[in-house]
Amino acid sequence: MRINKFTPIAASVALSLGLTGCNWFDDDNKKETVKPVQTFEGSASASFRTEVTGRAVKGSLSNAAVVVKTMNDAGEMIPVAFRLAASADESFTATANTQAEADAMAKAKVLAANPESVLTAMNGGYSLFVEDDFTGPLYITVTTSSEGDDSMVKCDSFTGCGDYDTAPGVSEEAGMENNGDSNIDFGEWYKDDVTLQVVKFISAPAAAASVRGMSYADGENKSTQYFANLTLFTSIAAELLLEGAGNGEAISEDAISQASLKTLIQLLGPDTAIEAAALLADISTGGAVDFTELEDGDSLDAGTLALIQTAISLQSMAGTGTNGSLNELMSQLAKGVSDGKVADNDDDTVKAVAAALQQSVINTSLIFAALVTGEGVDEAFAAVAQSLGITDSDAIAKLKSKVTKAVEKVVKDAKKAGADDELKETAKNVKDALSKIGCSGEECDAGDDFDSKAAQKLNEKVIEAQADLDAVMALIDTAQTSLADVTELGDAGLETNEQVIAYSSAVYLLNGNVDTYTVWQKQLKSVKSKMNGIAKAAAAFAAKNSDYQQLADQAASVRDAVAQEYDNVVSLIAGIEAEVVRADEAVSALGLEFEVTKANAVAAAAAALEAATVAMTADTTLATAMIAVEAADVSNLESATAALEAAEQAIAAATDSQMKAAASISASNLSTDAATAFKKVATEADDIAMADAQLETAAAELKSAAMYADNADDALLAAQALYDTAMDAIAKFTVLVDVKAGTETVTQATILTKSGGKALFDKAEVIYDILTEAWDLGDEADNVQSTRFPEWTYSFDKDALELSLSNDTTSEMISVNGVIETDTLVFAFGGTVTTEDGVTVIVETLEDTAQATQDCVDVKDGKIAADLSDSCLIVKFNDEISSDTLVDGEVETIEAWSRVQVTDGDSGFTGMLSLEGSDLTSLANIKASGMTGDTEFTAMIGLDSAVDEMETYMVSVELHNDIAYMMSLSAVESADFSGSVDALYSGKMMKFGTVTEITNGISIEYIDGEVIDYTDISFLDMTK
């Protein structure tokens, strides 16, 4: 507190004022005493070095009003102090009658110094700075108006955004193109009432390192960065947060994370949300990509592409006006997300919006994937036209023309921005993912499986970011070294002409690279933003499960490294700018403008020549590498591995050639600029001739560099295609190794080989023949020697439906017990049989034959599942039967299953055998399901004689292993079997071999050209 005491002058003034209020001749006792006046001076200081930056995209919102507020403890929105540029130690003072009032007035001046208005740039970008000690939620809105200001919305929907009230004139102005018709087409600007919003939590300064980007400026003005984009998704998440705040819930990092996660899963579905894993903890750190104007650093990965296509589909809906304006549509979706169910919401309006969005997203992703890949274009437009109700052929052709032009621009811009990597495959994957958006029931809950998949996706993103960083770090180091050399040259002295000319020329050459460094800055800023989101998401997973701590640590490390390199580039550019200023001052001080201009031209020409030579060498090296690419073969594992190596070498050579060609183009342009500048000031013929020659040489160098760049682009595409093909082939041939092993397992499986298969078929014949033989003998008998199989003795009771068989030679025993239920015969059976080859077959049944039979009846009646019984046979007749008539009855269907163990010297079999057949449909199927060796498998043998009375045989064997091996065979009566061997590859079944029948077996020609014969497989003949 500072008290303003009376000074002599103040005392005199006060005294005179006092005298004028008194009568001089009055009594002294009546004089009035004046009390001293006490005032207080308050002060406030503030530094604004916490940057909040982002873009408002739905498409881009240009000249849109940006409003920034925060929320107090009462949940009320209040203004917040901010600036448009970083500043340190701003001072404000105020005077009042109390200290508290003075301090409050000074503090109010900090807020009063806010900019009068903040508008977005043409690309929707904005940047502002809040106070260093600010902590808490920032609520940011960006608003465009349909009238009354210069704000505009850019249409980024392929199918358009509605119609203008009045058609605008044709415009070819860069960035403001318009074809002049009444339709609001892709890339055109229009007026609309749109509000996007985002809630960003600013952490306390002490904890900022864990949530902010690294500092990017040196000295006392160090700043930290927060990325806060505004999109459809951030607007919905903001609604959830504000709704929660209204209910007394605090807005925090965790609350933002929960709102982001819920928004993504509810709108996109869990699988697609995983693709956008980097945004799960804070949806505002990415996704703000304007399809109409892709920029350096923009990404079109699957997650971003899914977000973009969903958002532009909503804009397309708003253009029709059917379901409301863009603001109204976002409001309805926010309600659905808040309710925890969008597509199946109880509110019919929300449900209708969700259904319309689903169809719009399907349209957008379908035509984008078709045009990017060139596959099914006509079919895609026919489907979209039908969904939009467009039937006129001219209208469909117009739609196709406009959309094709739009997508071609996206692809072109993506290539220019370096965002076209694997765009075709990504487009197809996103189309499939968006065929069903949203979620329902339990899939809306992010459980352990979701976390695991999302963490895996985050790890992939961390690896990608590290690769991006590695690609530029060495270049930044080189540029920093060049700047240090130039600075040292200037520090050595700028007193003589020679010193200034040498220094200025060096600065000129270095400054010629600033455009390249600016591109690095944009790209690193984008990666930095992504890594902030990735690190946040990884940290959130680690907080839930310590298994993800390593991922969180790695993500934080890469985030910090990216931020450091970003700082380095910012400092690099600032350092070059400082050297340019110093060079200009030195040149001006000595009056060396002409000499320096000439020296710059000479230096630029030399640099261009060197760059051209290096680029030509890189192009020659690339041409050599491409010879191996063109000769590559991927027909087998060995050749595919060699092709992969050739592709990797060519990719490296092409990437190097691209860089060298770009450097040559830059150097040639700089040489052209330097020669042009020199020619303007040259007066001597020799100097003019020198400038003209340099211009001619630079033009030739530029032409050659452009050719090298085209060669490198084409080579990179070809080499990348070979790389993908080789990787695919290697992966297939790796699976092929397992496929061949699977075939060995199948052909050695006892249930299918001659020994095991014959044992089962032979004993089935014995049981059937002895059953019919016994039924001819009478009602019952004991120890009867079979006339058909003398080595077998049997006993039977026709009324009790009991049959037992034994073989004294082999010690085999079989029992059959049955019951008749009207028109159905139910048998329980079991026993042990042995073949001449030593194969033992155990058919399992309960010792309690009555219970075993009852289990079979319960299965028939649907009371228990078949796998809860042992071995059963159910025969349904076309009429009621008895023990006397069943042998002669007409069978409608047969169903049987057996719990079987087959043991021999090979792999054996343990599992279930089942049979289904029908005389009415001429169909029969035998199924074996169980274990052979250590492998679980299922075998199916089928017969169909319903077509032209020709019997068709079918065999399939599936191994329940990682590759889902399957052998499928079929044959028409009297013909040989043929078929294929298939396995799971890249999520789909793929053919790995062609199967043909040979004597006593099969022959398989695999995809690597190898042909292998497998013999001693009699199950084929037995099937027939």
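Colleague: Which residues are linked in a network of salt bridges?

Modeller: The general idea is that side chains of opposite charge can pair when their charged atoms come close. In this predicted model, a network of salt bridges links Lys154, Glu293, Lys409 and Asp413. For the chain, the count comes to 39 salt bridges.

Colleague: How far apart in sequence are the parts that the pair of Arg55 and Glu295 ties together?

Modeller: Begin with the atoms: the closest N and O atoms of Arg55 and Glu295 are 3.7 Å apart, and the two residues form a salt bridge. Arg55 belongs to strand S2 (residues 50-55), whereas Glu295 sits in the loop between helix H5 (270-275) and H6, so this pair ties together parts that are 240 residues apart in sequence.

Colleague: Let us turn to helices. Which residues of H7 are buried?

Modeller: The general idea is that an α-helix has 3.6 residues a turn, so residues three or four places apart point the same way. In H7, the buried residues are Leu326, Leu329, Met330, Leu333, Ala334, Gly336 and Val337. They cover an arc of only 160° around the axis, which puts them on the same side of H7.

Colleague: What covers the buried residues of H7?

Modeller: The cover includes strand S12 (194-202), together with helix H3 (232-246), helix H4 (253-268), helix H6 (302-320) and helix H8 (348-373). As for its length, H7 (residues 326-339) has 14 residues and reaches 20 Å from its first C-alpha to its last, close to the 20 Å expected at 1.5 Å a residue. After H7 comes Gly340, whose phi is positive, near 85°.

Colleague: Where else is phi positive, in a residue other than glycine?

Modeller: One of the cases is Asn783, with phi near 50°; Asn783 is placed in strand S14 (residues 780-785) and counts as exposed at 64% relative accessibility. Ser811 also has a positive phi, near 65°. Ser811 is found in the loop between strand S16 (802-807) and strand S17 (812-821), and Ser811 is exposed, with a relative accessible area of 58%.

Colleague: Which residues touch the most other members of the largest nonpolar core?

Modeller: In soluble globular proteins, nonpolar side chains tend to be buried together. Here the largest nonpolar core has 156 residues, of which Phe158, Phe291 and Phe368 touch the most other members. Helix H15 (residues 549-590) gives the largest share of this core, 14 residues. Apart from it lies another core, of 48 residues, among them Ala625, Ala643, Phe937 and Ala939. If we leave out residues up to four places away in sequence, the residues that Phe291 touches include Asp156, Phe158, Phe186, Leu300, Ile308 and Phe368.

Colleague: Finally, where does pLDDT stay under 50?

Modeller: Where pLDDT is low, the predicted coordinates should not be read in detail. In this chain, pLDDT stays under 50 over residues 1-26, for which the model has 14 contacts beyond four places in sequence. It also stays under 50 over residues 206-221, for which the model has 40 such contacts. The chain averages a pLDDT of 86, and 88% of the residues score at least 70.

How values were computed
Residues are numbered from 1 along each chain as its sequence is written. This is a predicted model: local features need pLDDT of at least 70, side-chain atom pairs count only at pLDDT 80 or more; totals for chains, interfaces and linings use all residues. Side-chain values use heavy atoms; hydrogens and water are left out. pLDDT is the predictor's confidence in each residue, from 0 to 100. Contact means heavy atoms within 4.5 Å. Helices (H or I, at least four residues) and strands (E, at least two) are DSSP runs, numbered from the N terminus. The expected span of a helix is 1.5 Å times one less than its number of residues. Buried means under 20% relative accessible area, exposed over 50%, partly exposed in between (1.4 Å probe, protein chains only). The arc is that of the directions from the helix axis to the C-beta atoms. A nonpolar core is a set of buried Ala, Val, Leu, Ile, Met, Phe, Trp, Tyr and Cys residues joined through side-chain atoms within 4.5 Å. A salt bridge is a side-chain nitrogen of Lys or Arg within 4 Å of a carboxyl oxygen of Asp or Glu.
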